[in-house]
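This briefing covers strands, pockets, salt bridges and backbone angles. Please keep the sequence and the 3D view open while reading.

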Amino acid sequence: MASTVSFTVDSPRGLRTVEVSYERTGVGAPLVLLHGIGHHRQAWDPVLRILAAERDVIAVDLPGFGASPALPHGLAHDLRTMVPVLGSFFEALGVVRPHVAGNSLGGLLALELGREGLARSVTALSPAGFWTPSERRYAFGVLRAMRGAALAMPMPLIERLSRSSPGRAALTSTIYARPGRRSPAAVVSETVALREATGFRQTLEAGSGVTFADDVPGVPGVPVSIAWGSKDRLLPRRQGVRAGRAIPRARLVRLPGCGHVPMNDDPAAVARVVLDTSR
């Protein structure tokens with residue numbers, strides 16, 4: 001069941017109140033789950049039960065996505081802002097240095113949280129930021145097209161497409177290698193989340209200036225795993241090789257048969273990577 005927490009953060013124009021929606025379940029060490037751009041916390045639903053058996057799982061709707069409103073005026077949807085915002089979110093929940101797992105944008109944020117000493121371990125699934133300029137333009141073009149299609153389609157059409165495997169593939173095959181595994185309700189929900197994502201434009205614009213170089217340091221004492229789906233159509237798996245060079249002590253994991261959002265394609269494999277990293 002979803003909960004909401006409010007907290008204040010500093011901005012150039014003084015304190016601002018941020019509201020974040022999240023779901024918390026399970027027992028064990030705290031584990032925060034971060035989704036990708038245009039998605040919502042339900043992206044993690046396929047692995048939630050497995051993780052919750054061993055971890056105190058906190059699945060987050062990032063500001064401007066899912067049920068969380070956009071950041072208030074004066075706060076940008078960029079890394080420099082989002083990392084301390086998430087740190088303040090941890091504090092508001094009374095969580096100190098949780099394990100963090102993230103996908104795509106969430107993977108990038110997880111790595112930054114680890115680098116800033118705010119995470120006990122980091123699992124990054126197809127993290128953003130390890131692209132070339134041309135790969136970034138391609139990914140952003142695909143994301144804009146997906147958003148445009150979600151905005152243009154009337155709800156009856158979305159619902160009708162969701163009821164068949166070919167329809168679900170039309171709506172989600174860019175991010176899933178096995179879109180037929182998604183339930184009709186899940187496909188409708190995430191399509192609506194994409195069209196209603198108030199932080200989409202600002203987040204995408206902020207990402208245009210993000211590129212990880214090969215000299216990005218790791219964080220001593222913070223276990224890092226970087227996993228990439230072999231069928232990622234948005235951020236090709238060669239970007240995982242660059243991620244390995246940028247963070248040479250990270251454990252690189254290949255997820256056979258998985259797309260950009262691998263939690264749906266192989267829940268057991270993804271859960272195993274997250275649990276192993278967060279021991």
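E135 has a relative accessibility of 7% and so counts as buried, where buried means under 20% relative accessible area, exposed over 50% and partly exposed in between, with a 1.4 Å probe and protein chains only. The model is predicted: local features need pLDDT of at least 70, side-chain atom pairs count only at pLDDT 80 or more, and totals for chains, interfaces and linings use all residues. Residues are numbered from 1 along each chain as its sequence is written, and side-chain values use heavy atoms, with hydrogens and water left out.

**Salt bridges**

- The structure holds 10 salt bridges, each defined as a side-chain nitrogen of Lys or Arg within 4 Å of a carboxyl oxygen of Asp or Glu.
- Side chains of opposite charge can pair when their charged atoms come close.
- E135 forms one of these bridges with R238, with 2.6 Å between the closest N and O atoms.
- E135 lies in helix α4 and R238 in helix α9 (residues 238–246), so the pair ties together parts that are 103 residues apart in sequence. Helices (H or I, at least four residues) and strands (E, at least two) are DSSP runs, numbered from the N terminus.
- R238 is partly exposed, at 48% relative accessible area.
- E190 and R182 meet through their side chains in a salt bridge at 3.2 Å, N to O. E190 is buried at 6% relative accessible area, and R182 also counts as buried, at 7%.
- D276 and R279 form a salt bridge with an N to O distance of 3.6 Å. D276 is partly exposed at 35% relative accessibility, whereas R279 is exposed at 63%.

- Strand β6 covers residues 121–125, and five of its five residues are buried.
- In a regular strand the side chains alternate between the two faces of the sheet.
- Both faces of β6 are covered, with S121, T123 and L125 buried on one side and V122 and A124 buried on the other.
- Strand β5 (residues 99–103) pairs with β6 in the parallel sense over five bridges; two strands pair if DSSP finds at least two bridges between them. In this pairing, H99 stands opposite S121 of β6.
- From β5 the chain passes through helix α3 (residues 105–115) to β6 in a right-handed β-α-β crossover. Right-handed means that, with the strands pointing away from the viewer, the path from the first strand over the helix to the second runs clockwise.
- β6 also pairs with strand β7 (residues 224–229), in the parallel sense and over four bridges. T123 stands opposite S225 in β7.

**Pockets**

- On a 1 Å grid over the protein atoms alone, a pocket is an open set of points where a 1.4 Å probe fits, with protein on both sides within 12 Å along at least five of seven lines; lining residues have an atom within 4 Å of a point.
- The largest pocket has a volume of about 380 Å³, the volume being the space filled by probe spheres set on the points, which are joined across faces, edges and corners.
- Its lining has 25 residues, of which M146, L171, T172, I175 and L194 lie nearest the centre. The elements giving two or more residues to this lining are α4 (133–152), α6 (165–172) and α7 (184–195).
- This lining divides into 14 nonpolar, 10 polar and one charged. Ala, Val, Leu, Ile, Met, Phe, Trp, Tyr, Cys and Pro count as nonpolar, Asp, Glu, Lys and Arg as charged, and the others, Gly among them, as polar.
- The second largest pocket holds about 290 Å³ of space. Of its 24 lining residues, I37, L105, L108, T203 and G207 lie nearest the centre.
- At least two lining residues of the second largest pocket come from each of α2 (79–93), α3, α4 and α8 (200–207), and α8 gives the largest share, four residues.
- The lining of the second largest pocket divides into 19 nonpolar, four polar and one charged.
- T203 is found in helix α8 and is buried at 10% relative accessibility. T203 and L79 are 124 residues apart in sequence and 9.2 Å apart in space, C-alpha to C-alpha.

**Positive phi angles**

- R97, a residue other than glycine, has a positive phi near 45 degrees. R97 lies in the loop between α2 and β5 and is partly exposed at 31% relative accessibility.
- S104 has a positive phi near 60 degrees. S104 lies in the loop between β5 and α3 and is buried at 7% relative accessibility.
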